[in-house]
Amino acid sequence: MTGLAARTRSGWRALIAAHRPLAVLLPASLLISWAVVLVHGDALPPPANTGLLADVLTALAGSPAWQLVWWLWLAGALVIMEPLARRYGVTDLAIVAIGAVLIVSPVSFWAFGWAGTNGPLIFVGALALWLASRYADGRGSGWWLVLCALLAGVLGVMAMLAFLLALLLLIALAVMRREGGLQRVGFAVLAVLASLVLPVLGAVLGLGAIPGTPPVPGGGPLGALRALSRLFDSIIEVGLHAVATSVTGLPNAPAYLYQPLGWVIIAGVVVAFLQARRSRPEGPLAVAVASTVLLAGPLLLLVLRLLYGEWLVIQPAGSAVLLPAFLLVGGTVIRNRASAWIVICWCGFLAVLDVILAAAGTR
Amino acid sequence: MTGLAIRTFHAAYADDPGFRGLLARHWPLLVTLLVAAGYTATLTLLHTWSVSPIDEVVYIDYLDKLWRQGVIHDGEYLGELARNLYACHGVIPFGRMGPVCGTDLGDPSDFPFGGFSSGAGYPPVQFWIVRVVGDALGLIPGVGQLAGWRLVGTLWLAGGLVFCYLISRLLRVTGWAFVAVALAIVASPLGYWSFSFVSTDAPMFFLGALLLWLAMRHARGARSGWWLVAVSALGATFKPTIIVAVGLVLVYLVLHWALAPHGSGRGVRGAQRVRSLLRQLWPPLLSIVAAMAVQFAWRRIQTMLQVPSETTSPGQGVEVPLSLDLIGNQFTSFLGGTIRMVVPEAEGVTSAFIPLGWLVIAGVVGAVLLLPRVSPDRALSISVLVAFIVAAPVLTLALVLATGGIFPLPPRYGIALVPGMLAVTVPLLRNRWAVRALLVYGVLLMAAWIAISVVFARWFA
């Protein structure tokens, strides 16, 4: 018995030693996420849910039990991001830094403080990237990516962005490293299409909320020039800008305190692209993420136009699905301990602020 | 193909002492100057008599009255030319203001801000330069006096770019990366409003670049610190915002001293270190004192030159009470907004410039995140980040102390820090495709500004 206890203890120690970033991030995320859930009121509505489950999740959003359970999506995303980040050469301290940003970002404030579609979307963002990276390394089957995409479609059309990124990553690997080739890219295309199956079904059956609003109140046709302008604006409305400038939106909340998180995200994505090299492990990922920043908005807008017959202004909240990818490339450019510690300390400060805001600003 | 041609040319003529050698060695600067000057001069010549919304009418009024009265007095009304510009030509993009063109323009209270000039805060030094040089440029056939004054902005830009290039040479990074980042700055909204109209921000770009270059040379023991003091004092005769560049220089020199190896002997750690710190620090400290003394002296002169007016100035309507939120917002003002802020914000136009904000954030923050991997000068990377974050709140507090009033500082007040941003961003561009993408983006923005200028010229014709 004593031997078993000792073996168990040493097993735990070994596990913690192997996953030091998670040993810090998981308890911290549980503490902060649950603190927010337990102290917040319901004076302000959380971001609107999308997809076939929108109505169900909106009904559950107010239930404290479900809100507590929603931390599991955050924990799942963190668990996936650790090996993923290591695969792209991110140091353990930088993993803690990007994980901390994920935990305290204004996107997560709503995504894991209430039971909505954004929590699972963030998880899907991390999972799709993990599956694509494993597939690119020759481990695992492409069918997992397709299956995951099919199921993720239940969260709405925004889930497509995660698989678009996976597709661009596999294309970047094929072009930059001559790795993979047509078969892998073919599976990724299939995954993108699979992610659209349930949203198409929802649109046909009239189920689920539309992830956007008409640019002209009441709807109506746009001229060719306005439609072109919408496509152009969607580059900014979806993805990097939407995630990096997100705020809690609570009355009297100091939005400028969250802006440094946006700087880290923007600097990570842009600098990773500026530095991208064929020879570096993170090179194809940096190019894929940068391409996603450019293509996600227009492609999503075109898909929504096909599904709903309107040029919409896309809700920025759904861009949360790309947050894990943005943070991951951000981790690859954090090259010194001082910067990582500054990010971690600032996140610690914001964690306290998150809880205070939840208590004071949502009642 | 172009890259190959340039490499071949460089290899063949790099040692040539003549013009071809100059071209081979400094082609990034020459390409940048050619495109930047051609672009801003084209914009200037496309402009009509309609004025920029960034107080151009005040500056034109100053220039118009310069030889007659020397300075603008506190409490003085805008003159006839300025009122005519308001009423008959308008302010881009807002349109005509004040009484209907052709009617009586004599009542100043019919004009924005009660018809008062806000030019009294500026010493006349920069206006002497603009007037002398601009009048000469105006003599070129087809240019005219107003375009001549506006073309001085192109010269401030060119001067600033030369010193930005010299800074990049000190860091041993130039090439297409320099061209791409420099042209992105030129093609920004900041570039449009500052370098193609009469603007007091344009010389701040030049002086910011000059000060940073002098500081880097001083840190390397290659130039006397007195130059820093002299240029800072000169800058203070232009605009108080020069203080942000002087602050950058101070932080840079402190960090450069702190991060430099100082030897290991006990003596070296004691008195010699203090001496080396003082040797490094006296120029920026004296520069700050000089800049503040110049501004203080001008405030006294301004008070002495005050003239009585029949009406009370309503101010510009931008003053706000000092608050924690105001200071807090200023911490993020320069980093995200300096080169991308659009006047006015408009759907479809604003989005086009948001990537410029990304470039500044990526360059300034990324240079520190990547340390020590990409570090031609670690002190520079850290000091530029510190300056971009801290300068605006410090300037806000300084203005409160100096004038008693405050307004949210426009991000363009950080223009003197832009050369620092360029210096830390250029070394980050290691990906050829990124450089090409940035070049294409810059060229597209330039084309858009030229098209917008044509539209403005037609609207206000």
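**Confidence colouring**

Helices (H or I, at least four residues) and strands (E, at least two) are DSSP runs, numbered from the N terminus. This is a predicted model, in which local features need pLDDT of at least 70, side-chain atom pairs count only at pLDDT 80 or more, and totals for chains, interfaces and linings use all residues. Residues are numbered from 1 along each chain as its sequence is written, while chains are lettered from A and ligands numbered from 1 in the order in which they are written.

Over chain A, the mean pLDDT is 89, with 98% of the residues at 70 or more. Chain B also averages 89, and 93% of its residues score at least 70. For the complex, the predictor gives an ipTM of 0.92 and a pTM of 0.92. Where pLDDT is low, the predicted coordinates should not be read in detail.

**Helix α2 of chain A**

Select α2 (20–39) of chain A. α2(A) has 20 residues and spans 29 Å from its first C-alpha to its last, close to the 28 Å expected at 1.5 Å a residue; the expected span is 1.5 Å times one less than the number of residues. Its buried residues include A:L22, A:L25, A:I32 and A:V36. A residue is buried if 20 or more other C-beta atoms, placed from the backbone, lie within 10 Å of its own, exposed if 12 or fewer, and partly exposed in between. Among the elements covering the buried residues of α2(A) are α5 (71–87) and α18 (337–361) of chain A.

**Helices α7 and α8 of chain A**

Next, display α7 (residues 106–113) and α8 (residues 118–136) of chain A, whose axes come within 7 Å and cross at roughly 115 degrees. Axes are lines fitted to C-alpha atoms, for helices over the stretch in contact, and angles run from 0 to 180 degrees between N-to-C directions. α7(A) contributes A:V107, A:W110, A:A111 and A:F112 to the contact, and α8(A) contributes A:N118, A:G119 and A:I122. Two residues are in contact if their C-beta atoms, placed from the backbone, lie within 7 Å.

Move to A:L52, in the loop between α2 and α3 (54–60) of chain A. A:L52 is partly exposed because 19 other C-beta atoms lie within 10 Å. Beyond its neighbours within four places in sequence, A:L52 is in contact with residues including A:V154, A:L198 and A:G202.

Then select helix α12 (residues 197–205) of chain A, in which A:L198, A:P199 and A:G202 are buried. Seen down the axis of α12(A), these buried residues fall within an arc of 100 degrees, so they line one face of the helix; the arc is that of the directions from the helix axis to the C-beta atoms. After α12(A) comes A:G206, with a positive phi near 70 degrees.

**The side of chain A that touches chain B**

Show both chains: 24 residues of chain A are in contact with 25 residues of chain B. On the chain A side, α15(A) supplies the largest share, 10 residues.

**B:W176**

Finish at B:W176, in helix α8 (residues 175–186) of chain B. B:W176 counts as buried because it has 20 C-beta neighbours inside 10 Å. B:W176 and B:R436 are 260 residues apart in sequence and 8.5 Å apart in space, C-alpha to C-alpha.

Definitions and conventions
pLDDT = per-residue confidence, 0-100.
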